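Open the model in your viewer and keep the selection tool handy. We will go from one stop to the next together.

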Amino acid sequence: MQAFEATEEAEEFWSQQCKVIADMTLLTKTNSWYMGANVDGKPRGFLPFAGGVGLYRLLCDDIAARSYEGFTALTKRERPLTEHVLVRGGFFKDDIDPQAWFILKQLESAASPPMEMLTPEQARMSDFSLLAGVPEEVQKVENRTIPVKGGEISIRIYTPAGEGPFPALVYYHGGGWVIGNLDTVDVPCRMLANRAGCVVVSVDYRLAPEYKFPTAAEDAYEAVKWVAKNADSIGIDSDRIAVGGDSAGGNLAAVVALMSREKGEPSLAFQILIYPVTNHSYDTDSYRENAEGYFLTKNTMVWFWNHYLRNEQDGQHPYASPLLAKD
């Protein structure tokens with residue numbers, strides 16, 4: 001064998017991936033020689049791999065396991081030993097954002113046990129806030145506690161610059177009703193307050209399995225009622241209150257909208273549901289097609305639901321599965 005070379009398709013993919021990873025850092029923002037600044041007219045590009053040794057070894061091992069996908073082996077006659085190998089499905093995913101792909105591979109290289117193998121206490125030790133980025137300055141951030149049935153919960157109020165009264169967004173964090181807290185969503189809540197020009201009230205509802213269904217839903221509803229009743233004191237317009245959340249928080253936001261409709265208060269203006277959990281069922285194309293390989297697995301969702309619900313019957317209640325609610 002005389003040479004072992006990457007195909008043009010693989011080279012293009014690798015260059016793009018190196019750039020995407022570097023763009024997540026300050027490396028490509030500098031005016032230095034490794035960005036081509038030392039040669040007038042030279043195209044700006046970043047070729048080093050900034051993903052770390054652990055991830056680089058994972059990439060190499062995976063490519064080798066796939067019969068050196070993306071490479072061509074040449075004999076002395078410069079003829080391929082096998083058919084021309086293109087970058088294909090598998091390790092090189094063309095249906096996922098490159099930065100998301102990088103994060104998934106970083107998590108894989110860490111070789112951490114899957115969440116369903118952990119206790120809730122162990123799972124809560126994971127810190128995902130670093131993935132959210134750098135927190136923005138907000139005019140005012142205030143931590144408070146509010147009463148709920150059987151105790152009290154914490155909330156965090158983000159008030160933007162300007163004169164009120166402002167519209168309000170009551171926000172519920174994700175985490176499968178088992179993990180997550182106010183800090184988990186601190187960065188997006190700051191962004192929402194600044195860019196939407198609204199007061200964001202982030203809610204630290206009580207978690208399962210210590211507090212099973214319907215505690216989280218009831219806490220979420222009590223929080224939005226408190227916001228409506230205290231609108232003047234926190235500088236919001238009670239006629240412009242929205243609810244929102246991500247994942248399990250999206251579930252709670254949808255449930256709160258149902259509760260508000262059925263109980264006649266408060267009046268809500270909008271829902272923002274970010275990839276919400278809407279049904280206790282695993283028999284969907286999404287569960288089948290994305291059961292593995294995208295961080296949140298089917299097994300992890302089963303783990304979350306089992307901690308949240310008291311029994312299978314709870315999963316059929318619209319306050320657990322809002323998709324089942326009648327119009």
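**Stop one: a pair of strands**

Select alanine 168 and look across to valine 199, its bridge partner in β6. You are looking at a predicted model, where local features need pLDDT of at least 70, side-chain atom pairs count only at pLDDT 80 or more, and totals for chains, interfaces and linings use all residues. Residues are numbered from 1 along each chain as its sequence is written, and side-chain values use heavy atoms, leaving out hydrogens and water.

Now widen the selection to β5 (residues 166-172) and β6 (residues 199-204), which pair in the parallel sense over five bridges. Strands pair if DSSP finds at least two bridges between them. Strands (E, at least two residues) and helices (H or I, at least four) are DSSP runs, numbered from the N terminus.

Contact here means heavy atoms within 4.5 Å.

**Stop three: two helices**

Finally, select α2 (residues 53-65) and α3 (residues 98-109). They pack at an angle of about 95°, with their axes 9 Å apart. Axes are lines fitted to C-alpha atoms, for helices over the stretch in contact, and angles run from 0 to 180 degrees between N-to-C directions.

Which residues in α2 meet α3? Show Gly54, Leu55, Leu58 and Leu59. Among their partners in α3 are Trp101 and Phe102.
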